[in-house]
Amino acid sequence: MQNLWYKNAIVYSLDVETFMDSNADGVGDFQGLTQRLDHLAAMGITCLWLLPFYPSPNRDNGYDVMDYYNVDPRLGTLGDFVEFMHQARERGMRVLIDLVINHTSDQHPWFQESRSNPQSRYRNYYVWSTNPREDDPNLIAFPTVEDSLWDYDEQAGAYYLHHFYKHQPDLNIANSLVREEICKIMGFWLELGVSGFRIDAASFVIEGIGIPGANQENLQIFFDEMRGFLASRQGDAVLLAEANVSAEEISTYFGQGNRMHLLFNFLLNQYMFLALARQAAEPLRYGLRTLPEIPSQCQWLNFVRHHDELTLDRLSDSERQEIFDAFAPEENMQIYGRGIRRRLPPMLKGDRRHIELTYSLMFSLPGTPLLRYGDEIGMGDNLRLEGRTSVRTPMQWSDEPNGGFSDAPPDQLTRPVISEGEYSYKQVNVAQEQRDPAALINWIERIVRIRKQCPEFGYGTLHILETDDPCVFAHCCEWSDRAVIAVHNSADRDCTVTLNSTDYEHLFDLFGDRPYEALNDNKAIPLSPYGYRWFRVNQTH
Ligand code: NOJ
């Protein structure tokens, strides 16, 4: 039997820098993270995704790497990393790490050599041009921040390509030496025990814009090469691609099951928010129908929010505006003209019922669920911080100074802790929520526990169920003679819904927003405002 552990993992993403500071210098570190592994294990997390922790000038939250073979000294040492890996493994947790290969920092020695020495082997590690073609503004990743894909470098006497910030020159993936370097980097971290990589900016990697003589197919084949290399070194390791692409382009990433194992479900995420904004089921149904069938060993990674903006770029202007109106009405809550820079609880005005509904959807949609640090306690955002930093504030552990994140003086923290308003660490923190059985943290622990008992959501075949209420989204996942059904009421009013299906005779409650009376028949299912229920079909246990 194949080991498809990632199809039912509970993934949790965190940035070492903002998680826990062990040495009072104001910056989170690997020793701090290691001390907090029990918190994650107790919540039932089975897989961590670490944001980049490599040495970096840190002008893009670590996504500007200057050495792929080390740990940023601010975060610890390689020794600390290995100790962390050991402790994670002891607790049954796998670790995925970010692999940033579309670009490096301009401080990376490869780029320094590339710009200063045209004869160097590193010259063609990057994409240079004396006469770049005109920009397609749609390709600029951060419109409003950068205005061109090319920047002139005095030292090199040429323009270099950069899809992201100008301090992040794009690597030339058409160059086989660069491909070898990337495999070598993967090999290094696999030896240290990681279970795979999040491929940052995967869609840009294979775009080939501006690379002389680049052939798209050849660039895409690099994903097969990466997969082959990975499999040769560690059979159960996985590749997770960050690729916000249209439904038609998705097969490029999964291939025939021989490229990426997992893809972030950007499309469904956007339709989920449209459904929440409209309080209607149809956008979710549409989103699910839009997704292509994927090879059986591949998987979606579903999420509510991650460390970037909530991008709404796949929706029409009017659909995006509906979501802005509902959840981010002020300009300061929006970013890049296409997204939202808020965490979920403030978007939903702290309405616990609505927050639960959203996570219940995310955990039950076909795929693997992803939580982000702070989700478990309902952390908020700080819109006074610039850009995406608003959602990257330090973890709130307790009501002690700095939210228990660090013993450094507050003005020395890598980023300020949220210390005012209803999302202040004084109200929202792990220690206080753990003492309160009704707190969100205990609800999250419960949904994780139940989700683990429902492998159908990860492995199964999806059936969207028709209902007689446009606000209720109902679906069933079937796998190996078992089936689970989930119903979600996206509206802020009671309802009783009928499933237009006679296939499912007995439904047994597994999970819900409150204890409901057991169903006598499944014709009429009562739901509270924003209520949700998960059922197992035809089984009592
Ligand atoms: C995607 C990452 O998620 C984002 O945070 C980063 O700024 C860009 N890639 C550039 O690396």
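This is a predicted model: local features need pLDDT of at least 70, side-chain atom pairs count only at pLDDT 80 or more; totals for chains, interfaces and linings use all residues.

Residues are numbered from 1 along each chain as its sequence is written, and side-chain values use heavy atoms, with hydrogens and water left out.

Helices here are DSSP runs (H or I, at least four residues), numbered from the N terminus. The table sets out two packed pairs, with axes fitted to C-alpha atoms over the stretch in contact and angles that run from 0 to 180 degrees between N-to-C directions.

| Pair | Angle | Axes apart |
|---|---|---|
| α14 (residues 352-364) and α16 (residues 440-452) | about 25 degrees | 11 Å |
| α10 (residues 266-278) and α11 (residues 282-290) | about 165 degrees | 7 Å |

The angle makes α14 roughly parallel to α16 (angles under 35 degrees count as such, and those over 145 as roughly antiparallel). On the α14 side, R352, E356, Y359, S360 and F363 make the contact, with L440, W443, I447, V448 and R451 on the α16 side; contact means heavy atoms within 4.5 Å. By class, the residues of this contact are six nonpolar, one polar and three charged. Ala, Val, Leu, Ile, Met, Phe, Trp, Tyr, Cys and Pro count as nonpolar, Asp, Glu, Lys and Arg as charged, and the others, Gly among them, as polar.

The other pair, α10 and α11, is roughly antiparallel, and α10 also passes α11 in a right-handed crossing. Here L268, Y271, M272, L274, A275 and R278 of α10 meet P283, L284, Y286, G287 and L288 of α11. Nine nonpolar residues, one polar and one charged make up that contact.

On a 1 Å grid over the protein atoms alone, a cavity is a set of points where a 1.4 Å probe fits but cannot get out; lining residues have an atom within 4 Å of a point. The structure holds eight cavities of 30 Å³ or more. The largest cavity has about 70 Å³ of space, and of its 13 lining residues, R305, R343, L344, Y359 and D375 are the closest to its centre. Its lining divides into five nonpolar, three polar and five charged residues.

Key. Helices (H or I, at least four residues) and strands (E, at least two) are DSSP runs, numbered from the N terminus. Angles under 35 degrees count as roughly parallel, over 145 as roughly antiparallel, 65 to 115 as roughly perpendicular and the rest as oblique. A crossing is left-handed if the near helix is turned anticlockwise from the far one by less than a right angle, and right-handed if clockwise. On a 1 Å grid over the protein atoms alone, a cavity is a set of points where a 1.4 Å probe fits but cannot get out, and a pocket is an open set with protein on both sides within 12 Å along at least five of seven lines; lining residues have an atom within 4 Å of a point. Grid points are joined across faces, edges and corners, and a volume is the space filled by probe spheres set on the points.
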